[in-house]
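Visitor: I would like to learn how to read the covalent and charged links in a structure. Could you take me through them step by step?

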Amino acid sequence: MFLCDLREVVKPRMRIVWTAPVLVFFVVTGVNISPCDDNGVREVLADQDTVFTCTAEGQVEWRFGYNYSSRFVSLATCESTCEELNDFNNLFKASIVKARHSSSLTIRAVKHRNIVHLTNGSLLCYRMNGSVQVASALCGLHYVYPPEDVSCTAVTTSWTVTVSCHVGRVYSSRGLYTCQLYRLNQASQIKILETVAMLTSPTSEYIGEKEVKVSSFCQFNTTLPTEEGQYAFHVSVSPGGRTYYANFTDKYNWITTERPSLPSVSCGPQHYVLEKTSATCTCNTSSLGQPAGYLIWIIGDQTDLETAATEGQYKLPSHELHHKHFFTQADHGRTWFRCDVVWGLEKIHGENYIVNVGYAPRLPEFLLNGYKQNQTVNEGQQVNILCESDGRPTPNISIYNNDNDTVIIRDVSPVIYTFIARCEDTATYTCSAWNEFSRQSGVTSSVSLDLNVRCKPRSHSSTRLGFHMMYQQAEMNFDIIAYPVPHEYHLWLVKSPINNSESAHNDDKDLQVNITCQSVFRRYLSTCSLRVVNINSLSTGSYKVQVINEAGDENFTVTIDFSEYMR
């Protein structure tokens, strides 16, 4: 941009030029003033030297422009050397950097009566062709006292970070007081977040004749990023452009962002929950993250409809959350629970927990050879036992022989057991079913049936019953295996010690004795009693005792001595 001189007044070592009021905040081709900020203004720091360089080919002229005025004062002309025209009591100093190419102007911002007035204008550099202005560049001046007694703090409330800065003293000749907030991560990446104007109030410390320093305050409200890592906040205070760390309450400059751990859900102490009972479901997470999130319950069904459970949602940073629910069979495999972590604006979903509603075993189905009633079979016949029960989880089954108090088989339902019947298998059998809810429900889940194995009489070991002496009491006892209990008996003399003869079966002998058998504590075990009715009619010798039931008969041999009784 070109400037047109309207009038020029020349004094010894001073040239004052009046021009039309023109604002120039950019570089004109062929002339450049540096350094100068992007906004066309540069800060002049109190009690420091501030150096400007004008780059232009040939002769240049430095001028000072008063703020809010079209009045410009020539300071110096430079080509091979510099001729100072006005230094305002050594406030300005011109010198050559490179002859006919560049020159510098230094502002010595020491104490000066009119320092504020003189350094709140602008510097101009003209490239001259004789007395004609060919091109020019301008940079505004901003006289400042850098901030003093600055303290910046950061306070976090969940995701919100409040950054505040207090400045004890600062001054800007242009009244520009701002704070700029930066966020820094561990990778040294800086992001500008916000710029705000500071609130100011005057102090009693004067600058020049009329101006005073001010105290100031600025505040930011920002949020933490959701990316994991450590972050710090800086505040750049202008004027002065100095940067300060915002200290957190623990005096640490960094704050950590960490994602929560996935929550897990369990209902009741077992894998299954008993029907028609209330159980407490528990949600756990090892970490709520930083900043801390909070847990909430979500309940759904097969239609994927979700509803937030009202219980326990207090937005408290607890690692554990409980929810009480009444369970029925309708919930099994349909109702699901999920625990989410609300972390800022994000919901971190846990896995769905599908409810398994269990129940105690129902009354078992107990079959002997396919029937639910007591069964009687012949010895040597195959016996099939089936025991099954419905329950969740699948019940365990035990089949007991009640008579000898033994467990025949134990397995999960259904249980099938097959064997070849022996007379000794005659017993009461019980089918019992149980699972983890059996005791809790108080339901008895067992059924008993009788198995009777039909067999002809036999001895435990031998058909010889041994030697018995009849005296005082004309009675003897012997045990046999038989089912059912024998109902018919016969006795005859086999061999007499007198004539060593053997007689055939004689019904008369049956009339002389009374034989009875009865089962005492096992149905297949009978104790038989042989009582002599007319002892005088019998003689010492070997006798055969025939015992008969509906399955057959068996002959037993016994030697009876009546000699002692006869004395």
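Predicted model: local features only at pLDDT ≥ 70, side-chain atom pairs only at ≥ 80, totals over all residues.

Visitor: What is a disulfide in general, and how many disulfides does the structure hold?

Guide: In general, a disulfide is a covalent bond between the sulfur atoms of two cysteines. The structure holds 10 disulfides, among them the link of Cys-54 and Cys-125, which is left-handed, with -80° about the S-S bond. This pair links distant parts of the chain, since Cys-54 lies in strand 5 (residues 49-55) and Cys-125 in strand 11 (residues 122-129), 71 residues apart.

Visitor: Are Cys-54 and Cys-125 buried or exposed?

Guide: The reading rests on a cut-off, because a residue counts as buried when its relative accessible area is under 20%. Cys-54 has a relative accessible area of 1% and is therefore buried, and Cys-125, with 0%, is buried too.

Visitor: How should I read the handedness of the disulfide between Cys-152 and Cys-165?

Guide: Handedness is read from the torsion about the S-S bond, which for Cys-152 and Cys-165 is about 115°, so this disulfide is right-handed. Their sulfur atoms are 2.0 Å apart, and the pair links distant parts of the chain, with Cys-152 in strand 12 (residues 132-157) and Cys-165 in strand 13 (residues 160-172), 13 residues apart. Both cysteines of this pair, Cys-152 and Cys-165, are buried.

Visitor: Which strands hold Cys-179 and Cys-218?

Guide: Cys-179 and Cys-218 are joined by a disulfide with an S to S distance of 2.2 Å, and it connects distant parts of the chain, Cys-179 being in strand 14 (residues 178-185) and Cys-218 in strand 17 (residues 211-223), 39 residues apart. The link of Cys-179 and Cys-218 is left-handed, with -85° about the S-S bond. Cys-179 counts as buried at 0% relative accessibility, and Cys-218 is buried with a relative accessible area of 2%.

Visitor: Turning to charged side chains, how many salt bridges are there?

Guide: The count comes to 18 salt bridges. In one of them the side chains of Glu-61 and Arg-63 meet, with 2.8 Å from N to O; Glu-61 is buried, with a relative accessible area of 2%, and Arg-63 is buried as well, with 1%.

Visitor: Which residue forms a salt bridge with Glu-148?

Guide: Arg-169 does, the closest N and O atoms being 3.0 Å apart. Because Arg-169 lies in strand 13 and Glu-148 in strand 12, the pair ties together parts that are 21 residues apart in sequence. Arg-169 is partly exposed, with a relative accessible area of 26%, and Glu-148 is likewise partly exposed, with 32%.

Methods:
Residues numbered from 1 in each chain as written. Heavy atoms only, no water. Disulfide = S-S within 2.5 Å. Helix = DSSP H or I, 4+ residues; strand = E, 2+ residues; numbered from the N terminus. Buried < 20%, exposed > 50% of the residue type's maximum accessible area, 1.4 Å probe, protein only. Salt bridge = Lys/Arg side-chain N within 4 Å of Asp/Glu carboxyl O.
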